[in-house]
Structure formats: C-alpha cells, structure tokens
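Please read the points below alongside the sequence and the model.

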Amino acid sequence: MHYSGSVYRPPSEAYSLIVQCTLGCSHNKCAFCIMYKDKKFSINPLEQVLADLAEARSMYRRIERIFLADGDALILPMDYLLEVLDFIRRYFPECERVSAYASTKAILRKTDAELKLLRERGLAMVYIGLETGNEALLAKYDKGVTVEQIVAHTLRAKAAGMITSVTAINGMGGKELSETHAIDTAAALSRIKPDYIAMLTLRVYTGTPLHEWIERGELTMLSPQELAAENRILLAHIDSEGSVFRSNHASNYLPLKGTLNRDREALIEQIDRALAGEVRFRRAVELGL
Ligand code: SF4
C-alpha cells in the first residue's frame, strides 16, 4: 500500500481500510488547520489506487469498510471515482460501506444526478466540515464557503441517499463569541439534521493564523468547563431529530454520545454533572483534527 505524509481519518473509520486517492486538501486554508500543511494537493494516479486495493485484497480476507483519503476525495472527477467504486464492488463484495471526506466545494461541483450515481455505485457516507454555523466566524477562519452553502449542499448529499456526518468545533468563537457560535451552530445543524454530528474541540497549532489571533489577544481559548457550558447551549438550542451526537474525538474533554432529540436532556444532565464536579474532564490528546 502507498501512503504519503500524515494520513487522517474520522474516529469512526478506525477499522477501515484507508486508500489514499488524493494527497492533502484542495482548500488547505482554514485558519485552525494543520492537517495537510505538509502536502500540496494532488491526485494519486488511478493505477496506483487500484493496485493498492488489489494488494489489500490479497492481504485481507474480509474488509467491511473502506475510507477514501485524503482531505477531499469527493473532489475527484466522476470517471475516477466510479472506477474506484466499481473496483471495490467487484473485488470486495463483503464491503458494507465506502466513505470519504467531502468539502462543500466538492459537493457543489457534482450535479444531483452525479451524487445519486456515486451513491448507487457504493459511496455510502460523506464527512463534511461545518465547523461553525456563524457566517462571520466561518469567513474569519477562511473556510472558503458560507454556512448557507454548507447547509444547502449537505442537504443535496443527503437527498442523494448518502449518510452524512457533520463536524462542528467547540470553542471556535473563543470566549468572545462562545454563545453566538453555539446558537448559530445549533441552528445550522437543525436545518441539516445529519445522520451524525461530531463535535471536535478547537486546538491551537503554532504557525496557524489562529495561533496569531490568540497571541494578539483577539481570541481567548475556553477552559474545559467553558467548552462544556458552550456545548450545553448548543444542545439546548438544537432540534435535529434522529442525529447521533458524539464528542468522542481525542480533542474532547468530555465524551458525550446520544441520539437527538431523545437523549438531549440526558446529555445536558451529563454536562451539568461535569460542571458540578461529579464527572471528571479527561485530558484531551493533541492529535489534530
Ligand atoms: S479543515 Fe478541512 S477544508 Fe479546512 S484546510 Fe483542513 S482539511 Fe482542508
């Protein structure tokens, strides 16, 4: 198998076969992100990807999940994606789920019919970064798309039958905009009602614009207690029936898991118990996003 540089995958893809179709992220500008700073975005030759899949087939008897890396595999041209998906369907009949990170720009460039075709040929799940539901904040972080676009195009992926997992980042507004960030993010998620909501926690890395903002005193990081309080506001405002809500990423101080809206009160209660000192915050591990 060929792997170049650091390879990232969502926590729920821990047991998936990772196949690197692209290198890096086609955007690579978000002010908090260092994930793919070591790579210039490029597309791996299709022959190499198919050879990697063939090698994996010869090595493993059963592969139930395959994750197409790196940062934005959905940006690949249709014929490339279809060849990969067809290869997987042919040689990995036991594979239950193929998934990929998908930027909003990548979804935007695919028509409804193309999204449906990708779903039919096996792309079952996409991971999409919302980060914050606040337009001004998202623009400040240079996400490259608006909240409106993220909502609209995630809904298109959903309509095509894809399972959607949307990430938001706890603490993104700093102390200054914590409440606004929580309320606006709850509103955007309530409009999408994704299958999964994954809460990450903002981490700061040297060399990023976010690091400079903090140094200049423009943004103040939240303590674990303040992050929990922010999550509490988000949960109190969200209406996302059926979404699995998770904050089990290595960056999170308080792991939470439940299904909305059913478990909302129980999740809030867990936060309240942590804020009252009855549940210990864990030490978040600095593993990036
Ligand atoms: S957060 Fe996602 S879209 Fe933004 S630079 Fe990092 S990998 Fe690319």
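Which residue forms a salt bridge with R262?

1. The partner of R262 is D263, and the closest N and O atoms of this salt bridge are 3.0 Å apart. A salt bridge here is a side-chain nitrogen of Lys or Arg within 4 Å of a carboxyl oxygen of Asp or Glu. D263 counts as buried at 18% relative accessibility, whereas R262 counts as exposed at 65%. Buried means under 20% relative accessible area, exposed means over 50%, and partly exposed is in between (1.4 Å probe, protein chains only).

2. On the basis of these values: the model is predicted, local features need pLDDT of at least 70, side-chain atom pairs count only at pLDDT 80 or more, and totals for chains, interfaces and linings use all residues. Residues are numbered from 1 along each chain as its sequence is written, and side-chain values use heavy atoms, with hydrogens and water left out.

3. The structure has 14 salt bridges. One of them pairs D112 with R156, with 2.7 Å between the closest N and O atoms. D112 belongs to helix 4 (residues 112–120) and R156 to helix 6 (residues 147–159), so this pair ties together parts that are 44 residues apart in sequence. Helices (H or I, at least four residues) and strands (E, at least two) are DSSP runs, numbered from the N terminus.

4. A network of salt bridges links K140, E212, R216 and E218. Within this group, R216 forms a salt bridge with E218, and their closest N and O atoms are 2.6 Å apart. R216 is exposed, with a relative accessible area of 52%, while E218 is partly exposed at 38% relative accessibility.

5. Two cis peptide bonds deserve a look. A69 and D70 are joined by one, with omega about 0°; D70 sits in the loop between strand 4 (65–69) and helix 2 (78–91). L260 and N261 are joined by another, with omega about -10°. N261 is in the loop between strand 10 (257–259) and helix 10 (264–275).

6. N28 has phi near 55° and is placed in the loop between strand 2 (22–23) and strand 3 (42–43). N28 is partly exposed, at 23% relative accessibility. K193, which is not a glycine, has a positive phi of about 50°. K193 lies in the loop between helix 7 (178–192) and strand 8 (196–201), and K193 is partly exposed at 31% relative accessibility.
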